[in-house]
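Please keep the sequence and the coordinates at hand while reading.

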Amino acid sequence: MKYTLRVWRQTGPTATGSLVEYEVDDVTPDMSFLEMLDVLNERLQLAGDAPVAFDHDCREGICGACGVMIDGVAHGPGKATTTCQLHMRQFDPARPIVIEPWRAAPFPVVRDLVVDRSALDRVIEAGGYISTRTGAAPDAHALPVAKPDADTAFEAAACIGCGACVAACPNGSSMLFTAAKTTHLGALPQGQPERFTRARTMVETQDDLGFGGCTLTGECTAVCPKGIPLSTIARLNHDVLTAAMRGD
Amino acid sequence: MYWTTRPRRSYRGRMAVTSPAPVRPEKPVAQGFPRRLWASTVGKKAVMAVTGAILFGYLLAHMIGNLTIFFGDIDGYGVFLRRLLAPVLGYGGLVWVIRAVLVLAVVLHMTAAIQLARRSARARPVGYAKRPRAQGGYAARTMRWGGVIIALFVGYHLLDLTAGVLNPHGVDGQIHANVVADFRHWYVVAAYTLAVVALGFHLRHGLWSGLRSLGRAPSRSAAAALVVALVITIGFLSVPYAVLFGIVR
């Protein structure tokens, strides 16, 4: 099968980029989306052109490295999947595929489809941890966790930090990412001591880094490869407002 | 305050920075509850939720007041409102207190909305070449322009039925006559319909998301918000259409 791609090409952070059209032949339906890009890059290199830069690592949907905007949808057409888990059978060869990088002021383009997502690391540094006594591993049942709390925390802990929520959000907000982290830690007993300060400092940091504010449009959760629910955002709001009231 | 959130002055200049990612600017943390609230995007949304709730409470009372045109004497209702707490606030005093609260709520609601909208625009300076219709609901996507329509309508509505300047009858206190003079014209009814439908959409998303902005996510709140928005929309539209079709004369 032959596909037409319109790919964002940009040589560096300060360069002006543009969409460039490519035709990729000999694509099989079983190829993954990234394998199709690999085929394109092999051809580009043979022709002496620079390959299309894109982020990827595990290619099994668990690392959070990959992620591009495919036809205006973060991670493409699959529900609750990452870009690497897409297959070419999900695309119609008759229609060109538009591939763009995540767009947000705090996610500057490094090259082509690669963006710098370090801003999310800055948000994590601001409170995405728990303070605990280190040493020998505690006994398995030393600290009981109620099943509903464990489920809530686990659901939120599935976040792989890919940044699709920011890319999809009409406000360029990282709220779903931050909410996943604060819910993951704040629902568990180990995360209680810093629960409210964590919520406050992480939101302050994302605000300061230039992310937008949340308007609960639900775009983020629709594209999230791990299906993090919007209810985590309500929980984060609750914790931030509690911190503001208590002066934490 | 933890070490990781402290300004990393000690790192700077010693490390080669290759990353184009933004660095958190050094600035003092806001002190005191109101300042803290206003400094944060979450706080601003909480302000919008609370002021939105005040405005919603007013809308509910306003709608019930309007319905007295079907069940009683709306001119008498106007007098009743002005006599409420008259010994304390004077005749019509309560109405002015309510107006002051509403103006404050509207100013806070709009200021927060405009500041957040501008922040959102800054957060995505380069848009997408291809972007299909958003996956979220129509109501969520039209909050900002819907709000602008409602604000413009409130201006017209005050000049029409409060000040009477734009009303064909326009006599102070003759509420029934003013309303009937207004809604005999199809174009006035059309303008009211547009605004009230915009209000319905605004309320549907506003009620649902307002609860979340305040940290509450009750089950079935989406359905409840839809029902409440429909009741308000139908309640407000019942009067103009009743006049237009000659049910109220």
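How many residues does the contact take from chain B, and how many from chain A? The structure is a predicted model, and in it chain B contributes 45 residues to the contact while chain A contributes 51 residues. On the side of chain B that touches chain A, at least two residues each are supplied by helix H1 (33-39), helix H2 (41-66), helix H6 (93-123), helix H7 (138-141) and H10 of chain B. Of these contributions, the largest share comes from H2(B), with 6 residues.

Chain A may be considered next as a whole. Its secondary structure comprises 8 helices and 7 strands. Along the principal axes, the C-alpha atoms of chain A fill a box of roughly 60 × 40 × 35 Å. Chain A has 248 residues, of which 52% count as buried. Of the contacts in chain A between residues at least 6 apart in sequence, 70% join residues at least 24 apart.

The domain assignment divides chain A into domain 1 (3-111) and domain 2 (117-246). Taken over C-alpha atoms, the centres of domain 1 and domain 2 of chain A are separated by 29 Å. The contact between them draws 18 residues from domain 1 of chain A and 18 residues from domain 2 of chain A. On the side of domain 1 of chain A that touches domain 2 of chain A, there are 11 nonpolar residues, 6 polar and 1 charged.

The discussion now turns to the nonpolar interior. In soluble globular proteins, nonpolar side chains tend to be buried together. The largest nonpolar core of this model contains 95 residues, and those with the most contacts inside it are Cys165(A), Val166(A), Leu176(A) and Ile233(A). Helix H10 (residues 186-213) of chain B provides the largest share of this core, 10 residues. Because domain 1 (3-111) and domain 2 (117-246) of chain A both give residues to this core, the core lies between them. What is Cys165(A) in contact with, leaving aside its neighbours within four places in sequence? Its partners are Ser174(A), Leu176(A), Phe177(A), Cys220(A) and Cys224(A). Another core, of 6 residues, lies apart from the largest one and includes Ile69(B), Ile74(B), Ile175(B) and Val243(B).

Two helix pairs, one in each chain, show how the packing is arranged. Two packed helices are described by the angle between their axes and the distance between the axes. In chain A, helix H5 (residues 175-186) and helix H8 (residues 231-246) pack at an angle of about 75 degrees, with their axes 8 Å apart. This angle makes H5(A) roughly perpendicular to H8(A). From H5(A), Met175(A), Leu176(A), Thr178(A), Ala179(A), Ala180(A), Thr182(A), Thr183(A) and Gly186(A) take part, and they meet Thr232(A), Ile233(A), Arg235(A), Leu236(A) and Asp239(A) of H8(A). The residues of this contact divide into 6 nonpolar, 5 polar and 2 charged.

In chain B, the axes of helix H9 (residues 175-183) and helix H11 (residues 221-244) come within 8 Å and cross at roughly 70 degrees. H9(B) is therefore roughly perpendicular to H11(B). Val179(B), Val180(B) and Phe183(B) of H9(B) make the contact with Val239(B), Pro240(B), Val243(B) and Leu244(B) of H11(B). The contact of H9(B) with H11(B) has 7 nonpolar residues, no polar and no charged.

Helix H10 of chain B also contains Ala191(B). Is Ala191(B) partly exposed or buried? With 18 other C-beta atoms within 10 Å, Ala191(B) is partly exposed. From Ala191(B) to His205(B), the separation is 14 residues in sequence and 22 Å in space, C-alpha to C-alpha.

Most residues other than glycine have a negative phi, and most peptide bonds are trans. Asp26(A), a residue other than glycine, has a positive phi near 60 degrees. Asp26(A) belongs to the loop between strand E2 (18-24) and helix H1 (33-46) of chain A, and it is exposed, with 10 other C-beta atoms within 10 Å. Ala80(A) likewise has a positive phi, near 50 degrees. The loop between strand E4 (73-74) and strand E5 (97-100) of chain A holds Ala80(A), which is partly exposed, with 16 other C-beta atoms within 10 Å.

Technical notes. Residues numbered from 1 in each chain as written. Chains lettered and ligands numbered in written order. Predicted model: local features only at pLDDT ≥ 70, side-chain atom pairs only at ≥ 80, totals over all residues. Core = buried A, V, L, I, M, F, W, Y, C linked by C-beta atoms within 7 Å. Buried ≥ 20, exposed ≤ 12 C-beta atoms within 10 Å, placed from the backbone. Helix = DSSP H or I, 4+ residues; strand = E, 2+ residues; numbered from the N terminus. Domains from an automatic or database assignment. Contact = placed C-beta atoms within 7 Å. Nonpolar A, V, L, I, M, F, W, Y, C, P; charged D, E, K, R; others polar. Axes fitted to C-alpha atoms, helices over the stretch in contact; angles between N-to-C directions. Parallel < 35°, antiparallel > 145°, perpendicular 65-115°, else oblique.
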